[in-house]
Amino acid sequence: MARVLVVDDDPLAARQVAQVLGEELEHEVEVATSVPAARAMASDRRFDAAVLGFRLGGIADATELASALREDQPHLAVIVTTAAADDDGMQRALTAFGVLHHVARPVTAGELLPRLAAALERAQLDEKVARLERELEHRERALTSTSSELATATERLVVAEQLA
């Protein structure tokens, strides 16, 4: 079960997305109907995913909010919704987020849930890769240190043999 933040300045649209997520997969869903409310919620708790309305009151689009949310949670899965009749918004959302992270409204379970599942899996894999990269860097530093110590010990051994 994932914790999902739904953000849309249209309370009806936000509630519809929340219902799809809550009923179909029993995700833990929290709804915000403004950017400040979404930022406050995200600062208080960790979310696995966010479903954002593309056009949010007060900012040009969801790209700014997604960037802000990812500052604290870099591997946050993001899905963006646009009105089916909003051709400009749809094109901008597709350009910014890609076809796999976009759903046209009205949102249906058949369209949202597979995209959300794929986005969550991708986010988990990205997080795992980042963790493994950090672990690899740590091991490389340890190996470099050990190699340096071994070289120093070898030099001392050579000097000791020459003196003997």
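Visitor: How many bridges join β4 to β5, and in which sense do these strands run?

Guide: Strands of a sheet pair through backbone hydrogen bonds, either parallel or antiparallel. Here two strands count as paired if DSSP finds at least two bridges between them. Four bridges join β4 to β5, and the two run parallel. Within this pair, Ala83 has Arg105 of β5 as its bridge partner. The element names follow DSSP runs numbered from the N terminus: helices are H or I runs of at least four residues, and strands are E runs of at least two.

Visitor: What kind of model is this, and how are its residues numbered?

Guide: This is a predicted model, in which local features need pLDDT of at least 70 and side-chain atom pairs count only at pLDDT 80 or more, while totals for chains, interfaces and linings use all residues. Residues are numbered from 1 along each chain as its sequence is written, and side-chain values use heavy atoms, with hydrogens and water left out.

Visitor: What is the order of the strands in the sheet?

Guide: The sheet is open and has five strands, in the order β2-β1-β3-β4-β5, with parallel pairing. β2 (28-32) and β5 (102-105) stand at the edges with a single partner strand each, so one side of each has no neighbour in the sheet. From one strand to the next, the twist averages 20°.

Visitor: Which residues stand opposite Leu5 in β2 and in β3?

Guide: Leu5 stands opposite Glu30 in β2 and opposite Ala50 in β3. The parallel strands β1 and β2 are joined by five bridges, whereas four bridges join β1 to β3, which also run parallel. Further along the sheet, β3 (residues 49-53) and β4 (residues 77-83) pair in the parallel sense over five bridges. Ala50 has Val78 of β4 as its bridge partner, and Gly53 stands opposite Thr81 in β4.

Visitor: Is Thr81 buried or exposed?

Guide: A residue is called buried under 20% relative accessible area, exposed over 50%, and partly exposed in between, using a 1.4 Å probe and protein chains only. Thr81, in strand β4, is buried at 2% relative accessibility. Contact means heavy atoms within 4.5 Å. Leaving aside neighbours within four places in sequence, the contacts of Thr81 include Asp8, Val51, Phe54 and Val103. Six of the seven residues of β4 are buried, so this strand is largely enclosed by the rest of the structure. β1 is mostly covered as well, with four of its five residues buried.

Visitor: Which side chain is joined to that of Glu30 by a polar contact?

Guide: A polar contact is a pair of N or O atoms within 3.5 Å; within protein, one must be able to donate a hydrogen and the other to accept it, and residues adjacent in sequence count only if both atoms are side-chain atoms. The side chains of Glu30 and Arg45 are joined by such a contact of 2.8 Å. Glu30 lies in β2 and is buried, with a relative accessible area of 16%.

Visitor: Where do helices α2 and α3 lie?

Guide: Axes are lines fitted to C-alpha atoms, for helices over the stretch in contact, and angles run from 0 to 180 degrees between N-to-C directions. Helix α2 (residues 35-44) lies across β1 (3-7) and β2, at about 140° to β2. Helix α3 (residues 62-72) lies across β1, β3 and β4, at about 160° to β3.

Visitor: How many residues are in the largest nonpolar core?

Guide: A nonpolar core is a set of buried Ala, Val, Leu, Ile, Met, Phe, Trp, Tyr and Cys residues joined through side-chain atoms within 4.5 Å. The largest has 21 residues, and those with the most contacts inside it include Leu5, Leu52 and Leu69. The elements giving two or more residues to this core are β1, α2, β3, α3, β4 and α4 (87-97). A second, separate core of 20 residues includes Ala2, Val17, Leu21 and Leu120.

Visitor: What span does helix α5 reach?

Guide: The expected span of a helix is 1.5 Å times one less than its number of residues. Helix α5 (residues 109-163) has 55 residues and reaches 80 Å from its first C-alpha to its last, close to the expected 81 Å. Among its buried residues are Ala109, Leu112 and Leu120.

Visitor: Which peptide bond is cis?

Guide: The bond from Arg105 to Pro106 is cis, with omega near 5°. Pro106 is found in the loop between β5 and α5.
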